[in-house]
Amino acid sequence: MTTSRTSRKRTGLFDYVGNIVDDTKEFVDDVLDRGREVDDDNRRTARRVLRPDEEKDSPEDLADLREQLEELSKTVRKLSSADSSHSQPSKSR
């Protein structure tokens, strides 16, 4: 706020209403300023998050991922073959 309550010398009903209007205008200005700051922060954060990665995957990382994928595929094949050998025939009614 630009003025303090103790420095005001207004008295009377119209002056009281004028003080309320002044305080309301200052409050709205503060809210709008804070809203602009939040909007700017959100835009900066979105730009930072959506910026493309500058680091590319190395060939070693890709080879390691392929190896892990192959191990997982083998495990899935083992589990599916073990499951099919343990399954019981369905009963017909």
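Before anything else, my burial terms: buried is under 20% relative accessible area, exposed is over 50%, and partly exposed is in between (1.4 Å probe, protein chains only). I keep in mind that this is a predicted model, where local features need pLDDT of at least 70 and side-chain atom pairs count only at pLDDT 80 or more, while totals for chains, interfaces and linings use all residues. Residues are numbered from 1 along each chain as its sequence is written, and side-chain values use heavy atoms, with hydrogens and water left out.

**Entry 1: overall layout.** I looked up the secondary structure and found 2 helices and 0 strands. Here helices (H or I, at least four residues) and strands (E, at least two) are DSSP runs, numbered from the N terminus. I noted α1 at 13-50 and α2 at 59-86. For α1, with its 38 residues, I get 55 Å from first C-alpha to last, close to the 56 Å expected at 1.5 Å a residue. That expected span is 1.5 Å times one less than the number of residues.

**Entry 2: burial.** How much of the protein counts as buried? I find 4% of the 93 residues. In α1 the buried ones are G18, N19, D23 and E26. The accessible surface comes to about 9,300 Å², and carbon and sulfur atoms hold 54% of that. Areas are from the Shrake-Rupley method with a 1.4 Å probe; for residues, only the protein chains shown count as cover.

**Entry 3: salt bridges.** I count a salt bridge when a side-chain nitrogen of Lys or Arg is within 4 Å of a carboxyl oxygen of Asp or Glu. Side chains of opposite charge can pair when their charged atoms come close. The structure holds 5 such bridges, and I wrote down these:

- R36 pairs with D33 at 3.0 Å, N to O. They sit about one helical turn apart, because they are 3 residues apart in α1. D33 is partly exposed because its relative accessibility is 38%.
- D41 pairs with R44, again with 3.0 Å from N to O. Both lie in α1, 3 residues apart, about one turn of the helix. D41 comes out partly exposed at 36%, and R44 is partly exposed at 44%.
- R77 pairs with E70 at 3.5 Å, N to O. I have R77 as partly exposed at 47% and E70 as partly exposed at 38%.

**Entry 4: patches.** My patch rule takes residues with over 30% relative accessible area and no salt bridge, joining like charges within 9 Å and nonpolar side chains (Val, Leu, Ile, Met, Phe, Trp, Tyr) within 5 Å.

Which residues make the nonpolar patch? They are L13, Y16, V17, I20 and V21, with about 480 Å² of accessible area together. I20 is in helix α1, and at 40% relative accessibility I20 counts as partly exposed.

I also found a surface patch of negative charge made of D53, E55, D57, E60, D61, D64, E67 and E71. Asp and Glu count as negative, Lys and Arg as positive, and His and the chain ends are not counted. Each charge is placed at NZ of Lys, CZ of Arg, CG of Asp or CD of Glu. Is D57 buried or exposed? D57 is exposed, because its relative accessibility is 56%, and D57 sits in the loop between α1 and α2.
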